[in-house]
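This report concerns the salt bridges of a structure and the surroundings of its ligand. The sequence and model are shown below.

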Amino acid sequence: MSKLLWQGLLAPLTEPAPLADAEATAALRALGRELGAATRRRLGRSLAIRELDAGSCNGCELEINALSNAFYDLERFGLRFVASPRHADVLLVTGPVTLNMREAMERTWRAMPAPKFVVAAGDCAVGCGLFTASPVCVGAAEKVLPVDLRIPGCPPDPTGLLRGLLSLIEANQ
Amino acid sequence: MTEGVLTALTGAAHTARWPRVAVVAATWEELGDLLAAGTVDLVSLWAEESVVHAALREGTATAILSVNATQGRFPSLGRHHPPALRLERAIQDLTGLVADGIPDGRPWLDHGRWAGGTGTSYEFLPVEGEGLHQIPVGPVHAGIIEPGHFRFTAHGETVVRLEQRLGYTHKGTAGLMRGADVSHAARLAGRVSGDATVAYAFAFALAAEQCAGIAAPARAQWLRILMAELERLANHLGDIGAICNDAAFAILLAHFGALRERVLRASSAAFGHRLMMDAIIPGGVARDIAPDGVAAIEALLATLHHQLPRLVRTYDETNSLQDRTVSTGIVRAAWARQFAAGGFIGRAAGRDFDARRCGAYGGYDELAFDVPVLEAGDVNARVWVRIRELEQSMTLIAQVLQRLRAAPWQPPIPLPAREGEGVALVESFRGDVFLWLRLSPDGRVAACHFRDPSWFQWPLLEAAIENNIVADFPLCNKSFNCAYSGHDG
Ligand code: SF4
């Protein structure tokens with residue numbers, strides 16, 4: 001059975017790495033949130049990501065989940081999703097931050113140890129998207145937390161997400 | 001409409017599928033008894049300003065009853081029929097109307113944070129007994145899933161009670177639709193629940209076309225069904241893999257996840273977007289299938305035919321998996337009936353309902369397919385219904401590809417600006433999405449209501465988890481996969 005199980009999953013599916021988004025890398029560097037050498041050494045090329053749905057339609061979550069499938073295989077880049085914010089370096093936020101999720105979002109961020117980054121994924125988290133006029137949404141993620149990187153798209157596809165996240169690693173090297 | 005109490009209630013035989021009839025409060029009270037007796041199913045319940053509407057089904061007959069809320073009050077149906085409760089609580093939150101006699105009037109979507117509020121504390125139902133402890137979980141969960149709160153009361157390892165609290169992702173979507181033009185509102189409908197974006201856009205388009213008195217061109221109808229079935233494939237594949245993963249059998253997640261990715265890639269090749277968002281529009285579809293789209297989908301079908309059987313065999317023959325899924329999280333047939341629970345949750349517990357067959361919308365009546373129904377109601381039955389539905393979707397897609405050959409491309413039909421009401425019931429992968437729409441004379445949206453299948457599924461999860469161990473909750477939850485955003489609106 002084990003042969004059957006592995007068949008077709010290994011080598012042929014996983015695709016070559018996309019390039020980091022050079023513009024995003026440059027923008028991140030320009031942000032001036034350069035890390036000290038010691039921190040850089042500690043983070044290395046590895047980042048732990050805590051995903052946070054702040055009111056998304058779940059479309060963004062579907063594509064973020066896809067990063068873990070055999071085609072994209074996120075973990076080979078040293079990127080990994082973690083359950084607890086206490087283990088996370090990156091808060092990956094989706095959705096137009098609803099009023100009902102604002103506090104949970106702030107508390108999740110506060111639970112993360114420094115240094116920490118916030119990535120806004122999807123048009124909603126980047127700029128509130130179609131929900132801009134909603135009286136029950138706060139709006140873009142940056143209205144609540146300092147955002148380091150924006151990955152647009154509705155939803156961003158896995159390649160777009162990967163390029164963004166890789167630029168975060170590049171910028172910290 | 002067939003003869004029945006619904007016909008008697010609405011007063012006369014109607015030709016429309018969903019006649020809407022104004023009734024007096026006394027009739028509304030009577031309705032409560034009929035719902036409680038199980039004579040009539042509650043399809044949805046919503047309100048606009050001072051009118052409350054109930055969408056109902058009795059066998060093949062369907063109708064909407066509307067009652068005026070005099071001085072802001074209307075008789076509670078939830079008092080007689082628990083499935084109405086959360087919908088009534090939502091009505092109270094969103095409109096300020098009061099459901100008279102509601103046995104549980106706690107806010108539901110409103111967390112006390114709107115209009116400058118800083119949040120109110122929420123009274124969970126009391127649970128008393130020796131040796132009980134509580135486990136609060138969420139709104140932020142461990143995985144990459146939507147937010148909601150679960151309050152478990154456990155006795156040792158056994159769940160004695162689960163109480164859900166939802167509403168975290170409420171975005172005011174229906175409110176944003178009011179006054180919007182139809183194409184903008186259609187985009188909003190496609191973002192009620194991203195995993196069912198096709199189903200919602202489909203439902204919105206059908207309702208809008210009904211308002212305007214037009215029908216989409218034949219080719220567009222086939223393309224819509226093609227997209228709806230691709231969406232079903234993608235979700236069923238992804239979820240079956242995830243369920244196996246929650247039963248600690250990760251290799252099937254890897255396989256099913258790869259198949260899901262293949263569906264999304266074929267969808268993208270055919271329709272230019274992996275989830276096919278905004279591809280269905282009122283009046284037709286945004287564009288024709290791409291020239292190489294048919295080949296991409298045929299290749300996908302070939303891969304699925306080749307790979308699915310051995311994966312299904314692995315699921316079926318792995319004892320450690322079966323040990324987790326068989327007899328876990330049982331939904332009783334009586335609950336599924338009472339809540340008129342749709343989708344694989346209802347069908348895995350003996351409720352033989354599928355809007356594609358019972359509503360026969362959009363061309364499904366011309367296609368051959370089975371509606372698999374099982375009785376056991378456990379995690380395993382829900383998995384098997386979805387496996388069988390994968391097979392049915394594949395045959396539907398093959399039939400649609402045939403039909404496309406004889407249906408030439410026609411651009412979408414512009415909607416004439418006119419007043420009207422429309423109703424659609426569309427079978428999403430999760431179950432029937434109900435959508436009601438009213439357009440004003442200038443063709444803009446006057447009001448829209450959508451009811452995700454999850455409204456009648458979430459409460460069954462509370463019941464199904466009782467007496468299961470806490471560690472089996474993720475597995476049960478995944479086997480339901482109810483929507484948060486879809487529910488919260
Ligand atoms: S960006 Fe698009 S896919 Fe993501 S949450 Fe917003 S509406 Fe949904």
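## A salt bridge within one helix

In this predicted model, B:Glu261 and B:Arg265 form a salt bridge through their side chains, with an N to O distance of 2.7 Å. Both residues belong to helix 8 (residues 250–271) of chain B, where they are four residues apart, about one turn of the helix. B:Glu261 is buried at 1% relative accessibility, whereas B:Arg265 is partly exposed, its relative accessible area being 28%.

## Further salt bridges

A salt bridge also links B:Arg324 to B:Asp472, with 2.9 Å between the closest N and O atoms. B:Arg324 lies in helix 10 (residues 319–325) of chain B and B:Asp472 in the loop between helix 15 (458–464) and helix 16 (473–480), so the pair ties together parts that are 148 residues apart in sequence. B:Arg324 is partly exposed, at 23% relative accessibility; B:Asp472 is buried, at 11%. Shared partners join several salt bridges into one network, which includes B:Arg232, B:Asp354 and B:Glu427.

B:Asp104 and B:Arg106 are another salt-bridged pair, their closest N and O atoms being 2.9 Å apart. B:Asp104 is buried, with 15% relative accessible area, and B:Arg106 is buried as well, with 14%. Over all chains, the structure holds 35 salt bridges.

## The ligand site

The ligand lies between chains A and B, and the space it takes is the largest cavity. Among the surrounding residues are A:Cys57, A:Asp123, A:Pro155, B:Arg191 and B:Met277. Helix 6 of chain A supplies the largest share of the shell, three residues. By class, the shell has six nonpolar, four polar and two charged residues.

Technical notes:
Residues numbered from 1 in each chain as written. Chains lettered and ligands numbered in written order. Predicted model: local features only at pLDDT ≥ 70, side-chain atom pairs only at ≥ 80, totals over all residues. Heavy atoms only, no water. Near = heavy atom within 4 Å. 1 Å grid on protein atoms, 1.4 Å probe; cavity = no way out; pocket = protein on both sides within 12 Å on 5 of 7 lines; lining within 4 Å. Sits in = over half its atoms within 2 Å of the grid points. Helix = DSSP H or I, 4+ residues; strand = E, 2+ residues; numbered from the N terminus. Nonpolar A, V, L, I, M, F, W, Y, C, P; charged D, E, K, R; others polar. Salt bridge = Lys/Arg side-chain N within 4 Å of Asp/Glu carboxyl O. Buried < 20%, exposed > 50% of the residue type's maximum accessible area, 1.4 Å probe, protein only.
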